[in-house]
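Here is a short briefing to read alongside the model. Have the sequence and the 3D view open as you go.

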Amino acid sequence: MIKFQNVTKIYPPDTVALNDVSFEIKEKEFISIAGRSGTGKTTLLKLILAEETPTRGRIFFQDQDIHKIKKSKLPDFRRKIGVVFQDYKLLPSKTIFENIAYALEVIGASDKEISQSVPEVLTIVDLLDKAHKFPSQLSQGQRQRASIARALIHRPDVILADEPTGNLDPYNASEIIRLLLKINELGTTIILTTHNKEIINSLEKRVVSLDDGKLIRDEEKGRFIL
Amino acid sequence: MFNLLKRLFKTSWLNFKRNWGLSLATIFILVMTVSLITSLFLVREVSQFLISQFEERVDISIYFKEDSPEEEILKTKDELSKMSEVKDVEYISREMALEKFTKRYRENPLLMASLEEIGANPFLASLNIRAWKPEQYKTLVNFLETAAFRNLIEKVDYYQRKPVIERLSLIVSTANKVGVGISVILVIIAFVVAFNTIRLAIFSQREEISIMRLVGASNWFIRGPFLMQGIICGVFATLITLFISFLTSWLISPKLENFLLGFNFAIFFLSNFWILLFIQLLTSIGIGIISSLIAMRKYLKV
């Protein structure tokens, strides 16, 4: 589904974020990208989203070279991907309902579809009673669940979760991971970046480990190894 | 399409209400800008009115010799009336001139006594000529000096009034040029201030714009609500400016009417209401939209 082919990313003048990384992600897979801070995890996700371009190498999404997509077509491409950020990135002046509905409005959904789908997704993330609150009125765990709901609402092929538990306490963190696992069981590919040892070890899923921008390990039932 | 517009308006209106502080600041700046442009428009109209009033009061007189036959004078009047430079010509006979003088100075015993002393009517028949523009008097005088009836003419008083007429022509043309220059500068300044205010408003929402892009919104999908908000602010600014303009006109009109030789702000405002509304809407919405488009370009680079 997603293929990295000898990808190197250098930020000028000489910061090497990724160094000759190659691997593939299959459909419906749950994969964790592990490594300490600054090791290239977020850069990897930005490359998939076409927010950054590789210095060398190519990245394919469903057999299409991502960085050959025309700029005018990038919004269509990004709609196939749901993103969950460490800092939630919810629109502060919209309610939770409106934040999630926005992802559907962007793809041209009708008011009827929105009024049906949004409550369903809010139920999945257990935020139905908070639908008309603003992000500032929610706890961090609730905000992250809202962010997941938004990532999920337009039924993307893949969800990128960039350190989604980074700002959360252990209770909320495990809830978020459980939610992502549930979404994966429903058929969505999940790419999770994290440096949380407990999370990775508890998942027993594929782990790709990065160190100084290099891929050092790729294990089917990986563990966090220092 | 209708649903899209409905959704766009609903979103924009919600944003407008929820960011009311920012919206108020934008409306305030737009009111200042539109008020300035409205004032310049009014000042220009007042200037044109005053200039025309002054021009009305400028004229030249041709005095005919004592023995000039009246029918010759009237023929001269007809010939002058046909000239394109001449606005109107008034014939004042010797008797009419005497009557005017007597009426004007009857309370002045010295002048009345002098007149009685002279015995006969000392006044000459004259033609009082008004041109369309002050600079046209020179053409008329040149014509008079070469015309067939020049032998009937005793005196043309243009040369005494020439400095005033030339000064008036200079004032009119300078006032127009300076007025246009100042207006252009003030309008540019007003636009720059309004543009920067809107740019700052959009700068404060750059994080939201970047989130919208990450969620997959296209550039026009992101721009739409901001542009619509600009239009909403523009409409409010226009309504407020109209109200302030009307109130101000209504209050100052009676006080300034005499000073401005009869120019009535309130009547002018009402009779030009639709033009003023159009100018104000065009300005406020135009600034709102153009400023939003330019300010957002930086944050919409894909």
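**Sheet, helices and chain contact**

Chain B holds an open sheet of four strands in the order β2-β3-β1-β4, with antiparallel pairing (strands pair if DSSP finds at least two bridges between them; strands are DSSP E runs of at least two residues and helices H or I runs of at least four, numbered from the N terminus). This is a predicted model, where local features need pLDDT of at least 70, side-chain atom pairs count only at pLDDT 80 or more, and totals for chains, interfaces and linings use all residues. Residues are numbered from 1 along each chain as its sequence is written, while chains are lettered from A and ligands numbered from 1 in the order in which they are written.

- β1 (60–64) and β3 (126–131) of chain B pair in the antiparallel sense over four bridges, and Y63(B) has S126(B) in β3(B) as its bridge partner.

**Helix packing**
- α2 (20–57) and α9 (219–256) of chain B pack at about 50 degrees, with axes 8 Å apart (axes are lines fitted to C-alpha atoms, for helices over the stretch in contact, and angles run from 0 to 180 degrees between N-to-C directions).
- The crossing of α2(B) and α9(B) is right-handed (the near helix is turned clockwise from the far one by less than a right angle).

**Between the chains**
- Chain A and chain B each give 13 residues to the contact (C-beta atoms, placed from the backbone, within 7 Å).
- On the side of chain A that touches chain B, α3(A) gives the largest share, four residues.

Methods:
Two residues are in contact if their C-beta atoms, placed from the backbone, lie within 7 Å.
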